[in-house]
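Good morning, everyone. Please have the sequence and the model open while I speak.

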Amino acid sequence: MTKRCIYVAYTGGTIGMQKTEQGFAPVAGFLTECVKAMPEFYHEEMPDFVISEYSPLIDSSDMAPTDWQMIANDIKANYEQYDGFVILHGTDTMAYTASALSFMLQDLSKPVIVTGSQIPLAQLRSDGQTNLLNALYIAANYPVAEVCLFFNNKLFRGNRTTKAHADGFNAFASPNFPLLLEAGIKIRWHAGQRADENPTKALEVINISPQPIGVVTLYPGINTEIFANVLQQPVKALILLTFGVGNAPQTPALLKTLKDAHDRGIVLVNLTQCLQGKVNMGGYATGNALASAGVISGYDMTTEAALAKLHYLLSTDLSPEAIRAAMEQSIVGELTQD
């Protein structure tokens with residue numbers, strides 16, 4: 001049986017950093033050298049793989065929608081030659097990239113696994129070795145045909161993840177969707193499904209362009225002028241991070257500001273500040289007032305997924321009304337409606 005071959009795109013991030021006098025920094029070629037020096041990556045049970053290092057390497061804090069497009073186009077260019085894809089990425093914005101790729105890579109029939117590490121691969125006690133080794137092994141032997149995020153022995157649906165721990169190995173959480181797969185002593189399926197070996201559709205990569213989107217976290221006593229300022233042109237959408245199940249102050253000035261923005265065609269999305277649970281604007285009068293002002297429910301989407309989805313939808317020629325409808329529908333498993 002022919003060994004599967006996985007394409008590894010090293011975009012940047014902690015996993016490939018080298019210790020310098022100024023602290024850890026990305027150095028071209030260093031990650032590839034590290035991997036070549038680790039025999040476990042060449043164990044007979046491991047798939048073949050090719051590492052493509054981006055130039056220049058990108059710190060994940062600098063990641064932008066143009067970089068999401070570059071990664072998506074890279075996967076498209078190499079799609080027929082490889083059995084799966086591993087994207088090495090910095091952890092800070094990894095959930096944003098995984099979410100964006102889930103919307104951009106349509107009719108995906110091969111695994112795309114985004115991973116990285118909290119400690120550089122070359123350092124003692126690095127989690128990078130386990131994360132990369134498992135991502136490669138799972139991509140070859142337990143392929144899930146969606147954009148996933150692998151970290152700390154867990155395979156998540158990419159657009160359900162959020163970074164939940166700044167400096168721990170258990171850096172990512174999927175608050176509202178179960179694990180796809182868990183790599184313990186045995187590899188166990190949970191919500192993941194094996195990719196179809198005989199796909200009927202070809203991969204389509206959606207082009208997105210950077211969009212002006214605002215995000216405002218509510219707090220007690222927040223001033224309406226903050227919303228008014230954020231909602232100035234050229235903003236096309238605003239994510240409101242509200243209290244509990246989607247509640248906000250019922251001040252007439254705030255509700256009028258939101259209603260005026262809605263009437264101008266700005267898409268207003270209600271997400272909860274809570275890590276777990278979903279928006280239910282019909283539960284309380286405060287949430288109902290938002291709905292009356294034109295704010296739509298983001299259900300249980302993460303902020304990362306909602307932001308990526310807005311970038312995707314605003315890059316189409318859909319009307320604001322059609323975008324609002326699409327935001328409340330699950331496109332690639334990013335939200336739970338019932």
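Predicted model: local features only at pLDDT ≥ 70, side-chain atom pairs only at ≥ 80, totals over all residues.

Is strand β8 enclosed or open to the outside? Five of the five residues of this strand, which covers residues 147–151, are buried, so β8 is largely enclosed by the rest of the structure.

Let us turn to the partners of this strand. On one hand, β8 pairs with strand β7, residues 112–115, in the parallel sense over three bridges. The chain passes from β7 to β8 by way of helix α4, residues 128–141, and this β-α-β crossover is left-handed. Within the pairing of these strands, V114 stands opposite L149 of β8.

On the other hand, β8 is joined by four bridges to strand β9, residues 154–157, and these two strands run antiparallel. Here L149 has F156 of β9 as its bridge partner. The hairpin of β8 and β9 has two residues between the strands, and N152 takes a positive phi near 50° there.

Why does N78 count as buried? Its relative accessibility is 13%, and buried means under 20%. Which residues does N78 contact, if we leave aside its neighbours within four places in sequence? They are Y7 and F85.

Methods. Residues numbered from 1 in each chain as written. Heavy atoms only, no water. Buried < 20%, exposed > 50% of the residue type's maximum accessible area, 1.4 Å probe, protein only. Contact = heavy atoms within 4.5 Å. Pairing = 2+ DSSP bridges. Right-handed = clockwise from strand over helix to strand, strands pointing away.
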